[in-house]
Amino acid sequence: MIASKNSSYLARIKPGWKFGALLVLSISLYLIDSWQLLLLSFILSIVLLLSAKVGFKQLRMPLMSLAMILSVVFVLLGLQTDWGNAVVSVLRLLTMCLFAYSVSLTTSFDAMLELFQQVASPLRFIGANPAQIALGLSMTIRFIPELKKVYLEVREAQHARGLGNNPLAVSVPLVIRSLKIADETAEALDARGYDSAPYRR
C-alpha cells in the first residue's frame, strides 16, 4: 500500500526520516519483552495510523488478513511455548505492521523510488546501477497488491467451478498469470528503451 495523495502531517515528513524511524522502532520492539510496554507501543501505532487520515475501506482487507495470520501465530505459539510469550510476540508483530502501514500509506511511490535510489547510490562504486536497483525494489512493492488481486480473482473463479479447496487448481493459474504479467512488464520496459546494462562511470 503506497499513498498517492495524503494531507496528513505524517505525509509531509521526508521519506528518509520515516523509514529510518521505522527501522529503529522495529529493532526496538524486538528488544522489548514487557507486554505492558508493547501494549503502549501498540496504542501509539493505532494513534499514528489514525493520524494518517486513510479511509477504513483501504485498511479493511489488510487488517483482516493481518488479524487472521496473527490469530494463527498466537494459537501456535501459545500451544508450543506459553500464552504470555504468545501475547508478547503478537503484540510486537502487530505494532510493527501498523507502524509500517502508517509509513507506506503516507509515502508516495515517486518518493519511495527516490529514497531507494539514494540508499543504493554507494553501490555505483562496484559497478551497480542505483536507478535500476531502485526500480526493481519499487516494482516489487508495486506488484504485491497486483498479485493479491490476481490471487483473489483466481480463487473466486475456481470457487465458482467447485475447485476452491484444491490448492493446485489455484496455484497453477496464479503462477501462469504472474509470469504473464512479468513478461508484459519486461516488454513494456524494452519498448521504452530501458537499458539493463550495468552502470559505469
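Which residues in α1 meet which residues in α4? I opened the notebook with that one.

**Ground rules.** I am working on a predicted model, where local features need pLDDT of at least 70, side-chain atom pairs count only at pLDDT 80 or more, and totals for chains, interfaces and linings use all residues. Residues are numbered from 1 along each chain as its sequence is written, and side-chain values use heavy atoms, with hydrogens and water left out.

**Entry 1: α1 and α4.** From α1, I listed Lys18, Phe19, Leu22, Leu25, Ser26, Leu29 and Tyr30; they meet Arg92, Leu93, Thr95, Met96, Phe99, Ala100 and Val103 in α4. Contact here means heavy atoms within 4.5 Å. By class, this contact has 10 nonpolar, two polar and two charged residues. Helices are DSSP runs of H or I with at least four residues, numbered from the N terminus. The axes of α1 and α4 (residues 83-105) come within 10 Å and cross at roughly 180°, which makes α1 roughly antiparallel to α4. Axes are lines fitted to C-alpha atoms over the stretch in contact, with angles from 0 to 180 degrees between N-to-C directions; over 145 degrees counts as roughly antiparallel and under 35 as roughly parallel.

**Entry 2: α2 and α4.** Next I checked how α2 lies against α4: the angle is about 20° and the axes are 9 Å apart, so α2 is roughly parallel to α4. The contact of α2 with α4 has 15 nonpolar, four polar and one charged residues.

**Entry 3: Ser45.** Leaving out residues up to four places away in sequence, Ser45 touches Thr95, Leu98, Phe99 and Ser102.

**Entry 4: Asp33.** I then moved to the loop between α1 (15-31) and α2 (35-51), where Asp33 sits. Asp33 is exposed, at 62% relative accessible area. With residues up to four places away in sequence not counted, Asp33 touches Val88 and Arg92. I noted 8.8 Å from C-alpha to C-alpha between Asp33 and Ser89, which are 56 residues apart in sequence.

Methods
Helix = DSSP H or I, 4+ residues; strand = E, 2+ residues; numbered from the N terminus. Buried < 20%, exposed > 50% of the residue type's maximum accessible area, 1.4 Å probe, protein only. Parallel < 35°, antiparallel > 145°, perpendicular 65-115°, else oblique. Nonpolar A, V, L, I, M, F, W, Y, C, P; charged D, E, K, R; others polar.
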